[in-house]
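Keep the 3D view open as you read.

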Protein chains: 2
Amino acid sequence: MALIVQKYGGTSVGNIDRIRNVAKRITRYYDQGNSLVVVLSAMSGVTDRLIDMASQITKEPNKREMDVLLATGEQTTVSLMAITLTSMGYPAESMLGYQVCVRTSGAYGRARILDIGKDRLQQLLDQKKIVIVAGFQGEDQGGNITTLGRGGSDTSAVAIAAGLNADVCEIFTDVDGVYTADPNVCKKARKIDRISYDEMLNMSSLGAKVLQIRSVEFAKKYQVPVHVRSSFNEEQGTMVVNEEKDMERVVVSSVTHNKNEARITLSRVPDVPGVAAKVLRAMANAGIIVDMIIQNTRKGNMTDITFTVSKTDYEKALEIESKVGEEIGAELVAGDSNISKVSVIGVGMRSHSGVASTMFDALAKENINIMMISTSEIRISCVIEEKYTELAVRTLHNVFDLDKE
Amino acid sequence: MALIVQKYGGTSVGNIDRIRNVAKRITRYYDQGNSLVVVLSAMSGVTDRLIDMASQITKEPNKREMDVLLATGEQTTVSLMAITLTSMGYPAESMLGYQVCVRTSGAYGRARILDIGKDRLQQLLDQKKIVIVAGFQGEDQGGNITTLGRGGSDTSAVAIAAGLNADVCEIFTDVDGVYTADPNVCKKARKIDRISYDEMLNMSSLGAKVLQIRSVEFAKKYQVPVHVRSSFNEEQGTMVVNEEKDMERVVVSSVTHNKNEARITLSRVPDVPGVAAKVLRAMANAGIIVDMIIQNTRKGNMTDITFTVSKTDYEKALEIESKVGEEIGAELVAGDSNISKVSVIGVGMRSHSGVASTMFDALAKENINIMMISTSEIRISCVIEEKYTELAVRTLHNVFDLDKE
């Protein structure tokens, strides 16, 4: 008799047969007496097909209209699911973003959820309806359709779970849960039973594609228990929850890697106030997100500034910074897109020392050169040559004993 | 400097190239200083594809959800058109049914427009925007998405033109205008330059598929001049307007035919009060629309009741009336789906006699048996055997001199 919010990804609802399978799963929960809100993504491939249609017209389609176009993907899935459930005799009703009052910021294509109208949802649940909500989409204050960016349906689901104070938010996906490392890279990778919001936040931001990072932020802020699990079997997946005492005993809980980064370095820049700001403002103005930033002082009043951007932004970023480099008198502006970032994560790091040295030693033994380092309270990340990625992940998985429970 | 509402049908926006062509046409109007609201249908074939998807799930998909599904068709077209126009540097903005506040009845799949919110449209026009509106869709009082039935975009366009008090509503389609008969059936068919609302109403209800009948009702009620024309050339089409003095001189202005009818007869029914009502209520309860109804008294207290339904409803209607026939003691319930209806229309009929006898004579000379007759002030319809349809149309087109201006 719980209030459950479920989210099914594009692969899980990829065709009529799969929609039928998900419908059967939903009815089992409903028959057990649970209240159900189901958030759906577009059928796999649909979003890409819509983007392709628009790109036949222009390279840079109007962002507002692009969101109107993309929103049709989830609209199709929710209506097909509601048709399936009603044809099975269950009282299902679809709701689009604006109908649920998913109020967002006006940033088309990457809007942020500001508020969820829970009245209409609660009303439908009180009528014992199974509510099928279109994920990924919302409405800004001007009444325009917005979308939340790739993986946005995760955030829709968690935000709705938060708004309704649901007992759990189940994220059904095509993997069994969250792993200690990418199983495609590291055969010894093991499914994690419970993980803290903070660890998951770090994993999401570091390239583990299981959950959209904003959904984890929402879950942490509103204390929504999130259950990441497979839509193709009945196994328990990974619970993302508040940090628990037990978790601290494990120093490192996972290794992640991200090959989608590129490095840009401005060498021998005059080390005067405002220079770093100028370098980074140029990226912000171009809408390019910067990840790691490192500045070393060397040789008197000269310094190097290095930062990473996503590989897709690399060419554009290098072009812009070449101009900035001229303006501020940098000796050389260069970059490298053959890099990757490998990270170890664990809440136990807070109370244990020596993780960094163990990590650096292990990489050194394999002759893997560390190009950049950045750390947070519960994470250490190293930028290395891209070709060493898999070796580094396996090495770190071993040295921190992640294959053992 | 006019306020023009344009509507483009599914064939006119059937692919990206055609959308581009329509966009060019739109910009020419805009560049001349006109205010423009453009109503679009789904790309041709899309609505059928969506219906097919739903029918893979169930034979009778939930009507509310079907409308949610179908509404994606127009949403796709308007966003693609707005993307095209903005990429050409024009200030276009798409609007969906609910965003325009197209308020409708709650009859899913065949909703009627009750009201159009003109404030938002006027605001966008004041900002010199080209407003691209999704036709065919609206929202009922409960905030549910509704659709207006096949051809509903015509009605969307005319209703918006009425709401905004537009100078003209241009319906762009894949034909050149309204013809004196179907050019595929009658080679001598001629494009009509001006036709009255009443004549057009009759033509629409009699199978001429140029305009959805409700759009003509709207046009007549709010006195909206409608221009039916081709989206593939620049020729003048047909103006649908208030009746003019000139029109009365032409006795018959067009011949229409409709092969999509079937006949059902209940023979030798006791002629007591309430019997006809019972027969027809059974159809209404089943949601079957009845067209012509004829009842002849014969032999004392027995009578025959004959009516026509659309061919798609024939099997169901026959099954229902067989039961009704038993209840009311009919001797025989039989039907015939090999029929068609041929009609002549003209406002001049009001002041001219002899049209009916000319019509019946002409058909008789060709040995075409008339099975049913029904008339209105400006129309005479005959039900005949389906195989004679084309012959009848050509014969009537000739006898009323419709090939001559």
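A residue counts as buried if 20 or more other C-beta atoms lie within 10 Å of its own, as exposed if 12 or fewer do, and as partly exposed in between. Please keep in mind that this is a predicted model.

Leaving out residues up to four places away in sequence, E261(A) touches D291(A), T308(A), S310(A), K311(A), I339(A), S340(A) and K341(A). M283(A) is 22 residues away from E261(A) along the chain, and their C-alpha atoms are separated by 15 Å.

## Chain A as a whole

Chain A holds 12 helices and 18 strands. Its radius of gyration is 23 Å, close to the 22 Å that the globule rule gives for 405 residues, so chain A is as compact as a globular protein of that length. Along the principal axes, its C-alpha atoms fill a box of roughly 75 × 50 × 30 Å.

Buried residues account for 50% of the 405 residues in chain A. Among the contacts in chain A with a separation of 6 or more, 74% join residues 24 or more positions apart.

## The nonpolar core

In soluble globular proteins, nonpolar side chains tend to be buried together. Here, the largest nonpolar core has 235 residues. Which residues have the most contacts inside it? They are V38(A), I132(A) and V133(A), along with V38(B), I132(B) and V133(B).

Not counting residues up to four places away in sequence, I132(A) touches V38(A), L40(A), V78(A), M81(A), A82(A), A92(A), E93(A), S94(A) and M95(A).

## How the two chains meet

A rotation of 179 degrees, with 0.1 Å of shift along its axis, superposes chain A on chain B with an RMSD of 0.1 Å. The two copies are thus related as by a two-fold rotation axis. Both copies use the same surface, since 100% of the contact residues of chain A recur in chain B. To find the axis in your viewer, look for T72(A): of the residues of chain A, T72(A) comes closest to the rotation axis, with its C-alpha at 2.6 Å.

The contact takes 25 residues from chain A and 25 residues from chain B. On the side of chain A that touches chain B, the elements giving two or more residues are α2 (46–57) and α3 (63–87) of chain A. The largest share of that side, 14 residues, comes from α3(A). Sorted by class, the side of chain A that touches chain B has 11 nonpolar, 13 polar and one charged residues.

## Helix α6 and its surroundings

Helix α6 of chain A covers residues 152–164; at 1.5 Å a residue, its 13 residues should span 18 Å, and its end C-alpha atoms are 18 Å apart, which agrees. Is this helix enclosed or open? Here 13 of the 13 residues of α6(A) are buried, so α6(A) is largely enclosed by the rest of the structure. N165(A) follows α6(A) and has a positive phi, near 55 degrees.

The loop between β8 (145–147) and α6 of chain A holds G149(A). With 15 other C-beta atoms within 10 Å, G149(A) is partly exposed. Apart from its neighbours within four places in sequence, G149(A) is in contact with G109(A) and R110(A). N301(A) is 152 residues from G149(A) in sequence and 42 Å from it in space, C-alpha to C-alpha.

## Two positive phi values in chain B

Most residues other than glycine have a negative phi. Q223(B) has a positive phi, near 55 degrees, and lies in the loop between α8 (213–222) and β11 (226–230) of chain B. Its 11 C-beta neighbours inside 10 Å mean that Q223(B) counts as exposed.

D401(B) also has a positive phi near 55 degrees. You will find D401(B) in the segment after α12 (389–399) of chain B. With 12 C-beta neighbours inside 10 Å, D401(B) counts as exposed.

Key
Residues are numbered from 1 along each chain as its sequence is written. Chains are lettered from A and ligands numbered from 1 in the order in which they are written. This is a predicted model: local features need pLDDT of at least 70, side-chain atom pairs count only at pLDDT 80 or more; totals for chains, interfaces and linings use all residues. Copies are superposed by least squares on the C-alpha atoms of residues with pLDDT of at least 70 in both. Two residues are in contact if their C-beta atoms, placed from the backbone, lie within 7 Å. Helices (H or I, at least four residues) and strands (E, at least two) are DSSP runs, numbered from the N terminus. Ala, Val, Leu, Ile, Met, Phe, Trp, Tyr, Cys and Pro count as nonpolar, Asp, Glu, Lys and Arg as charged, and the others, Gly among them, as polar. A nonpolar core is a set of buried Ala, Val, Leu, Ile, Met, Phe, Trp, Tyr and Cys residues joined through C-beta atoms within 7 Å. The radius of gyration is taken over C-alpha atoms; the globule rule is 2.2 Å times the number of residues to the power 0.38. The expected span of a helix is 1.5 Å times one less than its number of residues.
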